[in-house]
Structures are given as structure tokens and as C-alpha cells.
Amino acid sequence: MSDTKLRNGLAAAMSISARGNQYLQECGLDNSLLANTPERCGEVLLNAINLIYLLSVVIQPFMPSTATDILRQLNAPARSLPTEFSIDILPGHVLNKAEHLFKKIDNVNGAQEKKWQAQFGGDSAAAKTAEPAGPKGKAEGGAVPKVADVIPGAGSKKKKAEAQSVAQGISKRAQQKAAQANKTEEEKDLEARLEAKTKLFAAIRKGEVEGDVEKETAAAKELKSELAALRKKLKETSISAE
């Protein structure tokens, strides 16, 4: 978690939880265990309660309210993350009333699933507006709705300015791509040579490589002049053709 590896952190939490379930199943925790071997039942419960106490801190970054509920039922304070499993809740500790940590999900005819998709599905709001909808109801297959029609508050001046800036950036990149595609091989070659000279000049100035600064500067200027002359010639040729 300190390295921002959230997926790995959650995987570790689920792994510890799964190991706890396995432990309870292997020990056969039930009424017969309490009746036949009460001391062994006490050991299993003590280990299980302390494992739950460990889980309270492991899952806290992901489900803070659930972690708080666990601590309330354990009647224990919030703890720090240990480096190894230990018995911190000792025999004789009094627990609070047990409660369900999670509620049953009523997903009749997929109603709850649809509700969550609309709330957390990312492009689900846009998908509802698109006609026709794309694959699996996504918006990219149909007409793209206006931002202001989908996102509340998007019609504000700030949002409009942001949207306009994004649109201008997309348009500029498209123009640059089209311009690059229309360049002649000679123009591309001169640009590449000029870029290489510029990088070499910068490296010499920084002391990264050895070289003659004045010589490379003169060479770069010559390439610039050639490139400018070529572009002027191409522009004149284009105007004549029109």
C-alpha cells in the first residue's frame, strides 16, 4: 500500500480472509466442537477473533466503514498494521453484539445491477443517450451526446472552456498529423537531419559529447536555410497548381 500497489494490497487482504475461512473449516468450528473439546474450541475462537482484528486494519483503506463496524463488534480500538500475526485480544475480553457486516443484495431482474451500472459504470450515462447504442450498450457505437446533456454542471463557463480546450487540442493534433502526411520525402529528410544537429549541438553545450560548437551551429543554420527554401518552393508550386 505504501508503494501505491492498491490491487496487490486488496489481493493480500482477500488472501488473509480466505486463509481464515480455511482455518475455521479445517478446525470444524461448530456446536459439537464446543461440546466435545471446549478447550480446543476456545483456541480456535481466540485465533479467529485475532485474525478478524488483523483484517480490520488490512481492509481499512478499502472499506473504512466496514473496518469501523468490525472494531465496534470486537470492542477493540483501532490498531496499527503488524509485521506478523499475534494474539492481541486476550482470553476474558468481552465482545459486543454480533451484527452482519454486509447486507444481502436484492438483484431482482437485474434491477440493482442496472442501478449500479448507471451510477458507477463510467460511460453508462453516455450510452443511454447514444442512438444507436454501441456494443454492450456503450456510447461509442452511436451518436456522441453533448457533454452538457450528460454531465450535470457541464454547461458552466468553466466546463465549456475545458471542453473547448480539449476540442482545440484534438483539432491541432489532427492538423499536425495531416500536415506530416503531406510532406515530401526531401522535406522529412531535412527535418530529421536538422533535429539530429540540434540535439548534437545541445549535447556539446552540456559537455555530454565532444565537438565543435561553431561548426555544428553553422551546419544547423545551413540546414534551416535549405528547409526554408524548400518549403517556399513547395508552397509556390502548390499555389501554381491551384
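This is a predicted model: local features need pLDDT of at least 70, side-chain atom pairs count only at pLDDT 80 or more; totals for chains, interfaces and linings use all residues.

My entries below go from the cores to a buried glutamate and then to a surface patch.

**Entry 1: the main core.** The largest one has 14 residues. Tyr53, Leu54, Val58, Ile59, Leu74, Ala76 and Ile89 have the most contacts inside it. I asked which elements give two or more residues to this core, and found H3 and H4. H3 gives the most, with 6 residues.

**Entry 2: Leu54.** I picked one of those core residues and listed its contacts. Leaving out residues up to four places away in sequence, Leu54 touches Ile16, Arg79, Leu81, Pro82 and Phe85.

**Entry 3: Glu187.** Is glutamate 187 buried or exposed? Its relative accessibility is 9%, so I wrote it down as buried, the cut-off being under 20%. Glu187 sits in helix H9, which covers residues 185–206. Beyond residues up to four places away in sequence, Glu187 touches Leu227, Leu230, Arg231 and Leu234.

**Entry 4: the surface.** Met63, Leu101 and Phe102 make a nonpolar surface patch of about 260 Å². I traced Met63 to the loop between helix H3 (38–58) and helix H4 (64–74). With a relative accessible area of 30%, Met63 is partly exposed.

Notes. Residues are numbered from 1 along each chain as its sequence is written. Side-chain values use heavy atoms; hydrogens and water are left out. Patches are made of residues with over 30% relative accessible area and no salt bridge: like charges are joined within 9 Å, nonpolar side chains (Val, Leu, Ile, Met, Phe, Trp, Tyr) within 5 Å. Accessible areas come from the Shrake-Rupley method with a 1.4 Å probe; for residues, only the protein chains shown count as cover. A salt bridge is a side-chain nitrogen of Lys or Arg within 4 Å of a carboxyl oxygen of Asp or Glu. Helices (H or I, at least four residues) and strands (E, at least two) are DSSP runs, numbered from the N terminus. Buried means under 20% relative accessible area, exposed over 50%, partly exposed in between (1.4 Å probe, protein chains only). Contact means heavy atoms within 4.5 Å. A nonpolar core is a set of buried Ala, Val, Leu, Ile, Met, Phe, Trp, Tyr and Cys residues joined through side-chain atoms within 4.5 Å.
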